[in-house]
Amino acid sequence: MIHAAPVIILLPLAGFFVLTFGGRRLGDPSAGWLGTLAVTGSFVASIVTFLGLRSMAPHARSVVQTYYSWVPVGGLKVNISALLDPLSLTMVLFVTGVSSLIHLYSISYMKGDPQFRKFFVYLNLFVFSMIVLVMAGNFLFTFVGWEGVGTCSYLLVGFWFDRETAATAAKKAFVVNRIGDFGFLLAMFLIFAHTGSLDYHGVFAHLGSVTRGTATAIALLLLLGAVGKSAQLPLYVWLPDAMEGPTPVSALIHAATMVTAGVYLMVRVNPILALSPDSLTVIAILGVVTAFYAATVACAQNDIKRVLAYSTMSQLGYMFLGVGSAAYGAAIFHMISHAFFKALLFLAAGSVIHAMNDEQNMKKMGGLRKYLPITSTTFFIAWLAISGIPPFNGFWSKDDILGAAYHKSPILYAVGAATVLLTAYYMTRQVVLVFTGQARWVENRPGVEGARAASAGHGGAAGHGGDHGGPPHEGPWIMTLPLIVLAGASVLGGLIDLPFGKLKFLDTWLSPVASGAGDLATESASLRIALLLVTLALAGAGILIGSRLWGARIDRPALEPEVLQRSYYADDISSAVLTGGGGMFSRALSVVVDNGIIDGAVNGVGHLARSGGTVVRRAQTGYVRNYALGIAAGTVLILAFMLVRAS
Amino acid sequence: MIHTLLLATQVLHAPHVDYVAILPELILIGGALLLMLGSSLSSSRPAPGTWSGFTVVVAAASIGASWYLWDQVSRHGPQETVHNAVAVDGFSTLFLILIGVALLLGSLVADGYLRREGLDGPEFYVLAMLSGAGGMFMSVANDLIVVFLGLETLSIALYVLAGYHTRRKESSEAAIKYFVLGAFSSAIFLYGIALVYGATGSTNLVSIATYLSQNVIVTNGILLAGIAMLIVGLGFKVAAAPFHNWSPDVYQGSPTPVTGYMAAVAKAAGFAGLLRVLFSAFGSMRTDWQPVIVVLAALTLVVGAVGAMVQTDVKRLLAYSSINHAGFVLVGLAAATTAGISGSLYYLFTYTFVVIGSFGVVSVVGRHGDGRHQLEDYRGLARRNPFLAAVFALLLLAQSGVPFTTGFLAKFYVISSAVQARSYPLAILSILTAVVGAYYYLRLIFIMYSSPAGEAEAVAVELMITDVAVSTGAGTTLVEEVDEVVVLAETEAGPPELEVPTSTALVLTLTGLFTVAFGLVPGTIVNFAHQATLLVH
């Protein structure tokens, strides 16, 4: 049954090609349905493959399917191969599952957009790349998928390109991710130099000869890549801005799947991390600091999606904390839980935004519970899940990570627990502002009767066919069904890994490929229960404080200091560096590099083409002499060096 | 009287010349002479394409002869001949084949171009064949004097070729610049030869090596200065920073097929000379020259990548990108290991195809007058001519080092040789410039695949790319570019139709196929480069 694996990869690719070349003929809604069908088919194939792998003996559950063997000489041997093991299949299952739901939702959300078809082209390409990333049998193809998801992310963030902010956001993501890629590439060369292989199996089999220092270097370089992709400190600045993309994109790429690629990579290379306890500590500290940092910023945001963006960053921080505590099973568990409740939060937020005619400021919402019963109910479930209230999935997965963190260091636990309080607080603030209290949008809504006027007013850019000027209302079933399914998953998701002996299904399933000391940590039962009660109390306190403060009054500037609203001015700093500094830097470079010193131009581009009639004069009076001077200077430097060495 | 003459002949007896060993060069020279004579003797103008066809046949014959030599070397091992002035080994035959291929492809591209520009004539092909012969002599040289002879034969023909498009002022400017600076660097090179001769008493590479191994030179200042000057002279030819500054201007000004040919042959011959001189003659002084090569490599990588990032002229962009490529080849050289050298050879061999194909596309898009080389002229190319755009995209992806193209393995081999040689800073820098490189190659591909200016989609990519550019390093340049787009969209209905001559289409197909096929099944070429390294005299 595991022979269904190629189908998982090929279906979204086929969808991409059909939509690219035949999408025009298909027309709008059918193109969306075709895209959805391709991904759903891929999900079904994943289930089949999963069942196939399950029927095998646990120690045999790591199958490499080689599709094409690429054997250049000189030691490098790279196969196009899929690695089917519990880790990759777990990833593929939730990636294709959540993707199917979000594709379905998008059919309605993107309805009427002039680029409807293109949206699904990109979305299918994204799913394909993500599957390549998680199923690749070697570092090189993981990297190919890594670049693929990145490219799709830029394309989709900049989807509504006529918003200037969207284009800027895409740019930021591009630049920041280049830094991460650099780390990834460098790590690959180190790995190859020290193990002679890039295949996961080959690399892990040759780790015996790798010293601790080398392992630390590899781990930290890979971490650099992971930090860029998973928006951890300090390479996170692109994630909040990426919310400029359409909301289903935020749900799929910037919450459920792509941003978790960094965590996946870390878990995948856990045999390398095991050689380097130092790198684990770095990962844990980085994770917990990011979790706390992002949570504080989330407390002061007013944009419904930006709250969720910082929250995503914070939750990813928990996952890195899990990895750093060597609790790989727990990290994956939280990744899955998070995929469910965060995708749900985003989709529900999209539903709210849809109903509010593209208003994203929570201060201008309120009282929506009456109008959006399904959205609000499902949002409440996700809220309780992310806050860590039992029996929802977030409670169990977060508890797993915090338990392991305590085992590593009580300080890590303390910061993580404080973040629980903040998480419950900012999520409660969001729920209160959006769904309860006064309906503050009424005055902005031009009459319940004047239906058409409102939709004409809202930007043609988004253009998702909103003709709702009347009271806010739910979307069609294809928008609410994904909400309901994800809510169900958030309620029951904890069952996949309950912390009671034989009920740790996920840990047991993953143990052949990813079992760390943290997963096996056996604290005494009483200590576990005590920790659990502490976090539960903190979550409860967060909810209580949030509802007390924000239920009464929505205007509390003291609680939204500017420093938090602007995320400790990190955006300003990065913008200054990227645009101001970058501009200056580039001007300086073009002056130095492209002959600018010589001709004194601001940029030395194309003076040949520009100069026209003055060519001869210029050729004879300046340039050549100065070029010759450059050559002479270089010669003198080399001569000087050589003569210094002379005996 | 007679007695004196007899005495003279006894003293001045000519060395035994093994003509077969220099057959590839002789074929080119013979072909050039034949073409020159034939075309001046015949009164009627032959059918178009005759000269180019003749050159292709000559180049093919030369490749055949080179292949025969390769076969001989594989069977009987390397040998020296012509009074030890010429080395016939795997290394030199690889370059003979490479230059023959470049000549063949280059003259095919030139055919359509010259006819379009109304410049068709036998002189172009005569010069091309002579320069090819010069490059070949550099590759087989086992004596510094032969290196110099080859260098001059190659260069002088190239100076004239650079100025071949007499109606374009840029072309003349390029020729003048190239000539003056080339002469300057040749002088330095010659001075280097003199110093080395002074220090070791020989210009023969093997004799120098033997001398150095048998004698301990107490004061080696003169020798080291000589080596430094040889490096400068050859560094100029391969456009290594800081001796690169001529190349963007010359690449931009030269007729585009010449640029492609020059980028391939001059670089290959220069590297052949550099490798041969450094490893054959001065292998024992590795510790002295290695730091210089490391610094040159680092500078060349950075200058190439950063320079390419800020260009809006595609020919200049490719000029800087080939500077960057030269940096990668130097990285393999700097490793100074077998893996490094065979990586460099592989890089050069695959680069030849990529660069000739790329400039082939540029020569077509430049249209009549060879003037349309701005990035904007490439906007929407995919829609106007999907074939051109697809080939160019492929070649650009190869240049950026995407897996399953020849470019990936090329970069992979040189970088991993640097890692193996524990030259980590250089490896890090190479990767960094490769990451930067992805930016300017992708930008060009994005532009080709975006819609013509004015349509919505184009603006999307435009905005995104421009912003990236502004932030990463293009500064004001690209903002200007956007303004130009708007103007273009308003004033111009659309550029004239693109005509792809059959011969150029053939070259593009060949280079594209080579890049993909040997990216997928790289064994042959990798083995070739590896064998060439082993079969060194």
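Student: Which helix of chain A is A:Asn177 found in?

Tutor: A:Asn177 sits in helix H6 of chain A, which covers residues 164–195. Keep in mind that this is a predicted model.

Student: What makes A:Asn177 buried or exposed?

Tutor: The relative accessible area of A:Asn177 is 3%. Buried means under 20%, so A:Asn177 is buried.

Student: And which residues does A:Asn177 touch?

Tutor: Leaving out residues up to four places away in sequence, A:Asn177 touches A:Tyr154, A:Gly228, A:Lys229 and A:Trp238. A contact here needs heavy atoms within 4.5 Å.

Student: What about A:Ala558, where is that found, and is it buried or exposed?

Tutor: A:Ala558 is in the loop between helix H23 (525–552) and helix H24 (562–565) of chain A. Its relative accessible area is 73%. The cut-off for exposed is over 50%, so A:Ala558 is exposed.

Student: On to chain B. Why is the pair B:Glu173 and B:Lys177 called a salt bridge?

Tutor: Look at the closest N and O atoms of B:Glu173 and B:Lys177, which are 2.6 Å apart. The rule asks for a Lys or Arg side-chain nitrogen within 4 Å of an Asp or Glu carboxyl oxygen, so B:Glu173 and B:Lys177 form a salt bridge.

Student: How are B:Glu173 and B:Lys177 placed in helix H7?

Tutor: Helix H7 of chain B spans residues 169–200, and the two are four residues apart in it, so about one helical turn separates them. Both B:Glu173 and B:Lys177 are buried.

Student: How do you know that B:Asp249 and B:Arg316 meet in a salt bridge?

Tutor: Their N to O distance is 3.0 Å, and the cut-off is within 4 Å, so the pair qualifies. B:Asp249 lies in helix H10 (residues 246–253) and B:Arg316 in helix H13 (residues 314–335), so the pair ties together parts of chain B that are 67 residues apart in sequence.

Student: What makes B:Asp249 and B:Arg316 count as buried?

Tutor: B:Asp249 has a relative accessible area of 0%, and B:Arg316 is at 0% as well. Buried means under 20%, so B:Asp249 is buried and B:Arg316 counts as buried too.

Student: Which residues are linked in a network of salt bridges?

Tutor: That would be B:Glu173, B:Lys177, B:Asp249 and B:Arg316.

Student: Why is B:Arg372 called partly exposed, and what of B:Asp377?

Tutor: B:Arg372 is at 26% relative accessibility. Buried is under 20% and exposed is over 50%, with partly exposed in between, so B:Arg372 counts as partly exposed. B:Asp377 has 16%, so it is buried. Their side chains meet in a salt bridge at 3.9 Å, N to O, and since the limit is within 4 Å, the pair passes.

Student: How many salt bridges are there over all chains?

Tutor: By this rule, 17.

Student: And what does chain B look like overall, in helices, strands and burial?

Tutor: Chain B has 22 helices and two strands. It has 537 residues, 65% of which count as buried.

Student: Where do the domains of chain B run?

Tutor: Domain 1 takes in 15–452 + 494–531, and domain 2 takes in 453–492. Their centres, taken over C-alpha atoms, are separated by 33 Å.

Notes:
Residues numbered from 1 in each chain as written. Chains lettered and ligands numbered in written order. Predicted model: local features only at pLDDT ≥ 70, side-chain atom pairs only at ≥ 80, totals over all residues. Heavy atoms only, no water. Buried < 20%, exposed > 50% of the residue type's maximum accessible area, 1.4 Å probe, protein only. Domains from an automatic or database assignment.
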